[in-house]
Amino acid sequence: MRSIWNGAISFGLVSIPIKLVNATESHSVSFRQIHTEDGGRIRYRKVCELEDREVTQAEIGKAYEDADGSMIPITDEDLSHLPIPTARTIEIVAFVPEERIDPLQMGSAYYLAASGAPAAKPYTLLREALKRSNRVAIAKFALRGRERLGMLRVVGDAIAMHSLLWPDEVRAPEGVAPDAGVTVRDQELDLADALMDTLGEIDLDDLHDEYQEALEEVIAAKSAGEAPPEAREEERPGKVLDLMAALESSVRAARESRGGEAPGAAEEAEVRPLPRAQKSSGRAPKETGGKKSTSAAAKKTAAKKAAPKKSTAAAGKSTAKSAQPAKKATAGSTAKKTAGRSAAAKSTAKTPAKKAASRKRSA
């Protein structure tokens, strides 16, 4: 990697010669401006507005524009005499825990490479000291005409440096957060936690720039004289006004994208429609005790409640007659010991069947 700055790290009285190299690179596709009618390049030319002619790079200098619009020339010689001790030195000023650094301050990243064999020993010393202390170094350095703040930390077997914004360059988040008075329910927080658990973690190496890949496909197709690929239409979810419904839909979609429900997830209840009653020649009275239940206790309760309530104009007499044997059977069975309770349950469960038979006869 080509170095962009040469200097030294000042670590107390220890000086470590280093080279500064970029730790990141951009893979974005750059475009040129052209004349759409003939495809000619559009270029920007540096023209002096007083002489109305193009000037060369050697004729171009720096100047500061004053409030009234006047220009104050600043030469390279003026800048070279600035009292900056960090012109060629990364001066370490403190060691702090990494949690003290606000990520909003972090900017460009660089690798610090040891320059020559004499720098190997002090470079390794600083790296191991940072590792053992679990701290980062705060330093000052000058780059591209200005003094900057930096943070040195260990990355693998190398020392990396992040340029930091000065504290007064970070804006306060005033007016960004919503107004006070918004209340979040525990159920909403639970669903948000379930959504985070379902999405889980991801390896950042698996992420890639899909826009970049699609753009390269378009360029390759245009270069080969083919039609560029069309973007697939994705279904847009409907606008959900209910936050709970939006969270539940998000959890469901996240589980489907992960290939099924997450372990420990609650199973959704299955809703089954009730069977329709058979039509008869006459209107049959409503039966609450005729519904089937999965537990024996529900059968006993339904039978006891149904017996005194079944009195209608059409089949009141037959219902009352069929209910009397059921009461006798129940009264006789309750007088027995605990072992005989199953017999009472069977005799009680037969009552709805007797009622159905009596209705058919009455009809």
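Me: Is Leu189 buried, partly exposed or exposed?
Reply: Leu189 is partly exposed, with a relative accessible area of 43%. Buried means under 20% relative accessible area, exposed over 50%, and partly exposed in between, using a 1.4 Å probe and protein chains only. This is a predicted model, in which local features need pLDDT of at least 70, side-chain atom pairs count only at pLDDT 80 or more, and totals for chains, interfaces and linings use all residues. Residues are numbered from 1 along each chain as its sequence is written, and side-chain values use heavy atoms, with hydrogens and water left out.

Me: Where is Leu189 found?
Reply: Leu189 is in helix 3, residues 186-199. Helices (H or I, at least four residues) and strands (E, at least two) are DSSP runs, numbered from the N terminus.

Me: Which residues form a nonpolar patch on the surface?
Reply: Val182, Val184 and Leu189 do, with about 280 Å² of accessible area together. Patches are made of residues with over 30% relative accessible area and no salt bridge; like charges are joined within 9 Å, and nonpolar side chains (Val, Leu, Ile, Met, Phe, Trp, Tyr) within 5 Å. The areas come from the Shrake-Rupley method with a 1.4 Å probe, and for residues only the protein chains shown count as cover.

Me: New topic. How many salt bridges does a search of the whole structure find?
Reply: The search finds 8. A salt bridge is a side-chain nitrogen of Lys or Arg within 4 Å of a carboxyl oxygen of Asp or Glu. One of them joins Arg127 and Glu128 at 3.1 Å, N to O. Arg127 is buried at 14% relative accessible area, whereas Glu128 is partly exposed at 36%.

Me: What does Arg45 form a salt bridge with?
Reply: Arg45 pairs with Glu54, and the closest N and O atoms are 3.7 Å apart. Arg45 is exposed at 58%, while Glu54 is partly exposed at 45%.

Me: And which residues are linked in a network?
Reply: Glu51, Arg53 and Glu59 are linked in a network of salt bridges.

Me: What about Glu169 and Arg146?
Reply: Their side chains meet in a salt bridge of 3.4 Å, N to O. Glu169 lies in the loop between strand 11 (158-164) and helix 3 and Arg146 in strand 10 (residues 146-155), so the pair ties together parts that are 23 residues apart in sequence.

Me: On to strands. Which ones are in the closed barrel?
Reply: The barrel has 7 strands, in the order 1-2-8-11-10-9-7, with mixed pairing. The twist averages 40 degrees from one strand to the next; axes are lines fitted to C-alpha atoms, for helices over the stretch in contact, and angles run from 0 to 180 degrees between N-to-C directions.

Me: How many bridges join strand 1 to strand 2?
Reply: There are 8, and the two strands run antiparallel. Two strands pair if DSSP finds at least two bridges between them. The bridge partner of Phe11 in strand 2 is Val14.

Me: How many aromatic pairs turn up in the whole structure?
Reply: The search finds 1. The rings of Phe11 and Phe95 have centres 5.8 Å apart and planes at 70 degrees, so the pair is edge-to-face. Rings of Phe, Tyr and Trp (its six-membered ring) pair if their centres lie within 6.5 Å; planes under 30 degrees apart count as stacked, over 60 as edge-to-face and the rest as tilted.
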